Amino acid sequence: MEDKFIIKGIEFKSRLWVGTGKYKDFEETKKAIEASGADVVTVAVRRVNIIDRKSENLFDYIDPRKYKILPNTAGCYNVEDALRYSRLAREAGISDMIKLEVIGDEKTLFPDVIGLLKATEILAKEGFLVFPYTNDDPIMAKRLIDAGAVAVMPLAAPIGSGLGIRNPYNIKIILETVKAPVIVDAGVGTASDAAVAMELGCDAILLNTAIAGAKDPIAMAEAMKHAVLAGRLAYKAGRIPKKLYAAASSPIEGML
């Protein structure tokens, strides 16, 4: 079953995208990413050294020729900072893609959607491929796409919470509302959460803490790989309708 995943002419081999934070060291990061099968790796420009090649650098372990690097603006609490770090990543030759975060609250880490929308408009006009991290709000998702985003990345639950998809109905409405890829970002805790997101029809999943914070990150990375594949295949195959009463597995028509 051919099932290519293409955004603005860029083909992605895996529908599982992974982050690079919270691992004990770069070596563990490398092993987990390899086990995940991901070809997109997101990196916080403010927190991880990807520019100064004179000191230990993530790219000493993650080959940018092998992976698509998706810089992100994690830790940015205003539009100006988000714009600055987006431009810094592009000027360093890392990517025209940017996972855009404008955080509105230090405790919940929920997005500041007003600032996010403004930053999306500016960066899209500057030629960035903007992947905005947003709430599970169908109206805002549509506005972000109208502002020039190439995809939307609604949270499943608060960042790092591991709660899974708290409101699958909003995710379904987003999928019906926007004519662009929907990539669930934040809140996935284990493989079953990833499978549920994909069975809903999401195009991909981005996760970090669920792997990096697991007792065995390498094993969890592999589990997530299989969950995303299984969930996507189940979605494409089409599940049976839910029924209140039992239905015989074998047909009984024509039997004596």
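# Note on a predicted model: contacts, burial and rings

1. Thr134 is in contact (heavy atoms within 4.5 Å) with Pro111, Val113, Leu116, Met140, Leu144, Met153, Pro154 and Leu155, leaving aside its neighbours within four places in sequence. The residue lies in strand 7, which covers residues 129-134. Helices (H or I, at least four residues) and strands (E, at least two) are DSSP runs, numbered from the N terminus. Thr134 counts as buried because its relative accessibility is 1%; buried means under 20% relative accessible area, exposed over 50%, and partly exposed in between (1.4 Å probe, protein chains only).

2. On the basis of the model: this is a prediction, in which local features need pLDDT of at least 70 and side-chain atom pairs count only at pLDDT 80 or more, while totals for chains, interfaces and linings use all residues. Residues are numbered from 1 along each chain as its sequence is written, and side-chain values use heavy atoms, with hydrogens and water left out.

3. Another threonine, Thr120, is placed in helix 3, residues 113-125. Is Thr120 buried or exposed? Its relative accessibility is 0%, so Thr120 counts as buried. Not counting residues up to four places away in sequence, Thr120 touches Leu100, Val130, Pro132, Leu144, Ala147 and Ala149. Leu144 is one of the residues touched by Thr120, and Leu144 is also among the contacts of Thr134.

4. Next, the aromatic rings. How many aromatic pairs does a search of the whole structure find? The search finds 5. Rings of Phe, Tyr and Trp (its six-membered ring) pair if their centres lie within 6.5 Å; planes under 30 degrees apart count as stacked, over 60 as edge-to-face and the rest as tilted. The pair of Phe26 and Tyr61 is tilted, because the ring planes stand at 45 degrees, with the ring centres 5.4 Å apart. Phe26 belongs to helix 1 (residues 26-36) and Tyr61 to the loop between strand 4 (40-44) and strand 5 (68-72), so this pair ties together parts that are 35 residues apart in sequence. Tyr61 counts as partly exposed because its relative accessibility is 25%.

5. With a relative accessibility of 0%, Val43 counts as buried.

6. Apart from residues up to four places away in sequence, Phe12 touches Phe5, Ile7, Trp17, Asp39, Val40, Lys68 and Met97. The C-alpha atoms of Phe12 and Ala38 are 9.0 Å apart in space, and the two residues are 26 apart in sequence.

7. Lys8 is not a glycine, yet its phi is positive, at about 50 degrees. Where is Lys8? It sits in the loop between strand 1 (5-7) and strand 2 (10-12). Lys8 counts as exposed because its relative accessibility is 63%.

8. The second case is Leu109, also a residue other than glycine, with a positive phi near 60 degrees. Leu109 is found in the loop between strand 6 (97-100) and helix 3. With a relative accessible area of 26%, Leu109 is partly exposed.
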